[in-house]
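Below is a set of questions and answers on one protein model. Please look at the sequence and the coordinates before reading on.

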Amino acid sequence: MNPAPAARGGSTTLLLLRHGETAWTPERRISGSGGSDPALSENGLRQAEAAARVLVSRGPVQAVVSSPLRRARQTAEAAARRLDLEVQIDEGLTEADFGAWEGLTFAEVRERHPEEMAAWLASPKAVPGRTGETFASVARRAQRARDRILARYEGGTVLVVSHVGVLRTLLRLALGAPPVTLFRMELSAASLSAVAYSGEGAASVRLLNDTSYLTDHP
């Protein structure tokens, strides 16, 4: 495990918001960074606004940092408008590239590439879709992005808007859990999680997959 750097200014909280739905989300189609960059659907836009409203009610947020992909930026922009902040982009928060799996459903991948899928589920060093990015690589860049954010906003609260693979990775690192944990966490579209980092650098998961504010925006 690689601990987070000590937050000298006291506890620093990262609010981890997964982007809202795209047209592919309900179909469980794989959407990474390998060419597909779908926008939020109408429901996804409603989810982003619902998340933005609840974020305002949680208290002061010092910054909004987002993946550069469109669905994350749209979600981040909804929150930033209500928080009166600018969206900052960090390339380290980009979703993994899933190679030839992009656009397929998980069921289709299992049917067409069962050995590839089994290897990917078993090891963070396995390459998805022949040319994709390993979860080991995702973990390295997500960790660097986390450290940049913690160093810049120590003692504050930062909204981090990203994707299921990156956010699961940040939560796994916070828990000091093995890579297999990635596939044992549910992070729904537009869900909110939170991790607090103490002045000594210890991480504490305070919230996981909260979607209660989406009750009226299914």
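Q: In which helix does R71 lie?
A: The model is predicted. UniProt, in an unreviewed entry, places the feature "binding site" at R71. The element that holds R71 is helix 2.

Q: Is R71 buried or exposed?
A: A residue counts as buried under 20% relative accessible area. R71 has a relative accessibility of 1%, so R71 is buried.

Q: At roughly what angle do the axes of helix 1 and helix 2 cross?
A: Two packed helices are described by the angle between their axes and the distance between the axes. Helix 1 covers residues 42-57 and helix 2 covers residues 70-83. Their axes come within 8 Å, and the crossing is right-handed. The angle is roughly 35°.

Q: How many residues in the contact of helix 1 with helix 2 are charged?
A: Helix 1 brings L45, A48, E49, A52, R53, L55 and V56 to the contact, and helix 2 brings Q74, T75, A78, A79, R81, R82 and L83. By class, eight of the residues are nonpolar and two are polar. The number of charged residues is four.

Q: Is L15 buried or exposed?
A: L15 is in strand 1, residues 12-18. Not counting residues up to four places away in sequence, L15 touches residues including L55, R58, V61, T157 and L192. The relative accessibility of L15 is 2%, so L15 counts as buried.

Q: What separates the C-alpha atoms of L15 and R58?
A: L15 and R58 are 43 residues apart along the chain, yet R58 is among the residues that L15 touches. Their C-alpha atoms are separated by 10 Å.

Q: In which strand is T157 found?
A: T157 touches T13, L15, P60, V61, Q62 and A63, residues up to four places away in sequence being left out. Its relative accessibility is 19%, and because the cut-off for buried is under 20%, T157 counts as buried. T157 is found in strand 4.

Q: What separates the C-alpha atoms of V138 and T94?
A: V138 is placed in helix 5, residues 135-152. V138 has 0% relative accessibility, so V138 counts as buried. Beyond four places in sequence, V138 touches A96, E133, V166 and T169. T94 is 44 residues away along the chain, and the C-alpha separation is 8.7 Å.

Q: Near what value is phi of D84?
A: Most residues other than glycine have a negative phi. D84 is found in the loop between helix 2 and strand 3. D84 is exposed, because its relative accessibility is 70%. Phi of D84 is positive, near 60°.

Q: Where is R130, a residue with phi near 70°, found?
A: R130 is a residue other than glycine with a positive phi. A residue over 50% relative accessible area is exposed, and R130 has 58%, so R130 is exposed. R130 is found in the loop between helix 4 and helix 5.

Definitions and conventions:
Residues numbered from 1 in each chain as written. Predicted model: local features only at pLDDT ≥ 70, side-chain atom pairs only at ≥ 80, totals over all residues. Heavy atoms only, no water. Axes fitted to C-alpha atoms, helices over the stretch in contact; angles between N-to-C directions. Helix = DSSP H or I, 4+ residues; strand = E, 2+ residues; numbered from the N terminus. Left-handed = near helix turned anticlockwise from the far one by under 90°. Contact = heavy atoms within 4.5 Å. Nonpolar A, V, L, I, M, F, W, Y, C, P; charged D, E, K, R; others polar. UniProt positions renumbered as here; feature names shortened; annotations may be inferred. Buried < 20%, exposed > 50% of the residue type's maximum accessible area, 1.4 Å probe, protein only.
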